[in-house]
Amino acid sequence: MMTQNQELILIVVSEPQVTFLLERMLKSLGYAVQSCPDRQTALKLLPAVNPALVFLGEKLSDGSGLSLAGEVLRRFPSAPIILFVAQESPEVLKSAMRMGITEYLCLPLRAEDLNRAIKNALEIARLRKEAVLIESRRATAGLQRQLDELETLTRLGRTVTGSLDLDHVLTAVVEAAVELTAAEEGSLLLLDEDTGELYMRAARNFQEEFVRTFRIPVQDTLAGSVIRNGQSVLLDDNTPQKIKTAYLVQSLLYVPLSMNGHVFGVLGVDNRQNRLPFTDHHIKLLNALAEFAVIAIENARLYAATISEQRKMETVLTSVRDGVILLDQDQRLVLVNNVVREALGLGEERLTGRPFREIFNQPALLELIETLGKTVSNRTELSVEDGRIFSVQISPIPEVGLAFTLSDITSLKKLDQIKSDFVHTVSHDLRSPLTAILGYVELIERAGNINDLQRDFIRRVQVSVHNITSLVDDLLDLGRIEAGFDTRKESVQLDQIIHYSADGLRKKLAEKGHHLQINLPTSMPPILANPVQMRQMIDNLLDNALKYTPAGGTITISGHVEKSQVILQVIDNGIGIPSLDLPYIFDKFYRASNATPEMAGTGLGLAIVKSIIEGHQGRVWVDSTVGEGTTITIVLPVSGG
Ligand code: ATP
Ligand code: MG
């Protein structure tokens, strides 16, 4: 029976007598034994029995014992093997030695020889194993060190990307440099571009006072040479110390910090006391750390630049005299300046990031956002509590969001009012004398004979007085509408009014050879409106379409009802309106730059239209392309607003 601490010896010998002998002797020496006569069985047994030692016969039934030994040693390099030879032959022994088999036995077998050979073989195997173990421990230690280095570098990488605090990052870089090179001190020097000197931006194990006052020129210093040449410097006992350092050191390593080929700093470690030299490996490590420092410095620079740009922008926007509201693409507030805060009573509260609708409830602003892109002007007026009136313009800003600009137009509004009052008074006072003139002119013809020339003059006087009268009428209409007189509303059949208006213009249309198309739904619901003003509105729009379309044009009036709104469009294929004029054509007396003197007009028609529509809580806008035509769109609430 084999006990547990008995070592097992495998005998691979082809001669049964030798096997028998060996078995007996080994057992009597206290070993467990297993034997087999050939190579193949041996190879199977080996991993299963894991022998402490193998006896190998020189000749086996299926090959040479030495070739089996080679195979065994390839798999278990430190396996102890004793070769059994029939007789000592120098060739065989030489080959055995080459393979690392140190022990052999031959007949006659003696117990003491056997014992000694076993002891030797086992001892040698033990020594080999130990050597392997020591080597592998050394390798593991090396790996561990590399792992530590990697870990330090990764940790630093995280600090660099995760922190915008430059002091913190650079100190971490220097600390890692000291740690990874096992140095006594470390420092990070940066070039002061103004003075051309190097100062210490971060340090480890230097006295604070020293760090603060440290300044060395680039010329004639070791650190300076790194800046000048962009090469790292490694100093130890063997290096001739020609170049001055700011302090005495035993060994030192400096690597450059550079960005796009421009060297602007130095990362260094040194030893003042111990004489441990730095190696090429340390240069590599320090270079990697220097990269981190460069990234951190560049990050900080970019961040500072961004912040300063942002501050500049904010200062500009807060200091301008116009109000500014900036929204992001989700309609959350990015910026609101003091003008707006003050005008809309928003106080000092921090509002950035909040949804637009949560902060602003002014219908004018909300409607601007809703109708964005649907109207040409994107403008509205906003009255605030203190009585001021702002003109609000909304503009989409690509990749940012939306901007509202508010300009105070209170004084312009006042002027406008004064002008309206003035125009109203004057036109009112003009109307009576004009009527008188017309009356008397008519009387001239009746008062006696006149010649043809006189008749022609009278005609001209009549035409001119008519023109002035219609201008005065327009002015009075506008005055009345703007003043909000005549606000009576009744159920109005818009389609009828459109047909009446078109009939009234038939003659003029025919004169110019225009083609008029009316596309209205068969049953249009009545709307609540002022019938006189509706007629004025349609007349004015048709008059424009007719006047600003060259002979033979097509004018279309189309209408439909959508939800509780009537949408009307007057479309012509006339001269169009230049885009620069578009925002102003609803202003009083404004005429587009392409209107020629033959297209007589005062610039009041559309102002009247706009006032009427505003009185009905509707909306009007224009789309036009020069040379192609104009479309005026009107939206009126069926309920009359
Ligand atoms: P009024 O209507 O008072 O006789 P007007 O036609 O010049 O004068 P508006 O009706 O207010 O004034 O129109 C303002 C300007 O807009 C016009 O002078 C013209 O330049 C331009 N305009 C208006 N409608 C059209 C249109 N359908 N096609 C081209 N331009 C137009
Ligand atoms: Mg007109």
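Of the 20 residues around ligand 1, which come nearest? Tyr548, Asp572, Arg591, Thr602 and Leu606 do, where a residue is near a molecule or strand if one of its heavy atoms lies within 4 Å of it.

A word on the model before the views. This is a predicted model, in which local features need pLDDT of at least 70 and side-chain atom pairs count only at pLDDT 80 or more, while totals for chains, interfaces and linings use all residues. Residues are numbered from 1 along each chain as its sequence is written, chains are lettered from A and ligands numbered from 1 in the order in which they are written, and side-chain values use heavy atoms, with hydrogens and water left out.

**View 1. Polar contacts of ligand 1 with Tyr548, Thr602 and Leu606.**
Tyr548 puts a polar side-chain atom 2.8 Å from an oxygen atom of ligand 1. Thr602 also has a polar side-chain atom 2.8 Å from an oxygen atom of the ligand.

**View 2. The shell around ligand 1, with helices H16 and H17.**
Helix H16 (531-547) and helix H17 (605-615) are the elements that give two or more residues to this shell. H16 gives the most, with 3 residues. (Helices, H or I with at least four residues, and strands, E with at least two, are DSSP runs numbered from the N terminus.) By type, the shell residues divide into 10 nonpolar, 7 polar and 3 charged. Here Ala, Val, Leu, Ile, Met, Phe, Trp, Tyr, Cys and Pro count as nonpolar, Asp, Glu, Lys and Arg as charged, and the others, Gly among them, as polar.

**View 3. Strands E16, E17 and E18, with E14.**
E16 (residues 379-383) and E17 (residues 389-397) pair antiparallel over 5 bridges; two strands pair if DSSP finds at least two bridges between them. Thr380 stands opposite Val392 in E17, and Val392 has Leu406 in E18 as a bridge partner. E17 and E18 run antiparallel, joined by 8 bridges. E14 (residues 323-327) is antiparallel to E18 (residues 401-408), with 5 bridges, and Val324 has Thr405 as its partner there.

**View 4. Positive phi angles and a cis peptide bond.**
Gly387, in the E16-E17 hairpin with 5 residues between the strands, takes a positive phi near 95 degrees. In the E17-E18 hairpin, with 3 residues between the strands, Glu399 has a positive phi near 65 degrees. Asn50 isn't a glycine, yet has a positive phi of about 45 degrees. Leu107 and Pro108 are joined by a cis peptide bond, with omega about -5 degrees.

Key
A polar contact is a pair of N or O atoms within 3.5 Å; within protein, one must be able to donate a hydrogen and the other to accept it, and residues adjacent in sequence count only if both atoms are side-chain atoms.
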